[in-house]
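Subject: A structure for you to explore

Hi there,

Here is the structure I promised to pass on to you. Please open it next to this email and look up each part as you read.

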Amino acid sequence: ILYPPLERADHLVCQAYEDYFFYPSRITASKRQDLAVEAMRHVRSRVRLVIAGQPETAGELARIRERIQRWSLRDRVELIARFISEEEKAALLSRALGCLYLAYDEDSYGFVVLESYHARKPVITCTDSGGTVLLVKEGTTGMVVKPDPRALAAAMDRLYEDRREAQRLGEAGLDLIRSLDISWRRVVEALTR
């Protein structure tokens with residue numbers, strides 16, 4: 001299997017495991033940012049959520065904003081509703097506790113997973129997220145939960161309460177992608193044999 005690599009990863013580092021999960025992705029129904037926002041209604045810890053990405057439509061953005069307001073989550077959920085630069089993404093990722101990638105039936109593992117692991121961050125994904133489970137291994141490199149807001153909240157709380165576990169999972173994610181040699185060098189070598 002030839003996994004498509006990132007264009008670059010040298011800017012992705014870990015500075016800390018702070019109090020927020022980061023969800024970088026275009027804002028659209030199939031990425032299920034609404035599930036992440038709803039999970040914040042059920043967290044018991046002081047964990048926060050930062051969502052960043054270009055909305056696919058004005059309606060998608062309005063739906064997310066409406067849920068944040070309806071559930072009084074403005075102090076717990078930060079929404080950066082625009083394209084963010086690689087530098088902004090790397091900075092947010094470097095201090096995150098972990099990443100969420102909740103896409104429904106994704107046909108690949110998602111670059112968010114690779115970016116997270118390069119920054120030594122664990123990934124929480126869903127059982128129905130498709131290709132992400134190729135790299136997100138339950139209890140080894142991250143957490144795989146039912147697409148249910150309470151299950152997602154419990155996973156977020158668990159890592160908030162145990163930062164060493166978050167670090168262990170994130171470092172195991174980096175070890176995994178290194179062992180798979182997800183690189184352009186490997187892709188070129190395999191295709192030119």
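Below is what turned up in it, topic by topic.

First, some ground rules. This is a predicted model, in which local features need pLDDT of at least 70 and side-chain atom pairs count only at pLDDT 80 or more, while totals for chains, interfaces and linings use all residues. Residues are numbered from 1 along each chain as its sequence is written, and side-chain values use heavy atoms, with hydrogens and water left out.

**The sheet**

Helices (H or I, at least four residues) and strands (E, at least two) are DSSP runs, numbered from the N terminus. Six strands make up an open sheet with parallel pairing, in the order 3-2-1-4-5-6; two strands pair if DSSP finds at least two bridges between them. Strand 3 (77-80) and strand 6 (142-145) stand at the edges with a single partner strand each, so one side of each has no neighbour in the sheet. From one strand to the next, the twist averages 20 degrees. Further in, strand 1 and strand 2 (residues 48-52) run parallel and are joined by 5 bridges. To find this spot, look for P24, which stands opposite A52 in strand 2.

**Two crossing helices**

Two packed helices are described by the angle between their axes and the distance between the axes. Helix 4 (residues 111-118) and helix 6 (residues 163-180) have axes that come within 7 Å and cross at roughly 110 degrees. Axes here are lines fitted to C-alpha atoms, for helices over the stretch in contact, and angles run from 0 to 180 degrees between N-to-C directions. That makes helix 4 roughly perpendicular to helix 6 (angles under 35 degrees count as roughly parallel, over 145 as roughly antiparallel, 65 to 115 as roughly perpendicular and the rest as oblique).

**Salt bridges**

Side chains of opposite charge can pair when their charged atoms come close. How many salt bridges does a search of the whole structure find? The search finds 18, a salt bridge being a side-chain nitrogen of Lys or Arg within 4 Å of a carboxyl oxygen of Asp or Glu.

One of them joins D10 and R8, with the closest N and O atoms 3.1 Å apart. D10 is exposed, at 62% relative accessible area, and R8 is partly exposed, at 38% (buried means under 20% relative accessible area, exposed over 50%, partly exposed in between, with a 1.4 Å probe and protein chains only).

Another salt bridge links R95 and E18 (3.9 Å, N to O). R95 lies in helix 3 (residues 86-95) and E18 in the segment before strand 1 (20-24), so this pair ties together parts that are 77 residues apart in sequence.

E60 and R63 also form a salt bridge, their closest N and O atoms being 3.3 Å apart. They sit 3 residues apart in helix 2 (residues 58-70), which means about one helical turn separates them. E60 is buried, at 13% relative accessibility, whereas R63 is partly exposed, at 26%. D34, E60, R63 and R67 are linked in a network of salt bridges.

**Cysteines**

The search of the whole structure finds 0 disulfides, a disulfide being a pair of cysteine sulfur atoms within 2.5 Å. C126 is in no disulfide either, as the nearest cysteine sulfur, that of C99, is 14 Å away. C126 is buried, with a relative accessible area of 1%, and C14 is partly exposed, at 27%.

Enjoy exploring!
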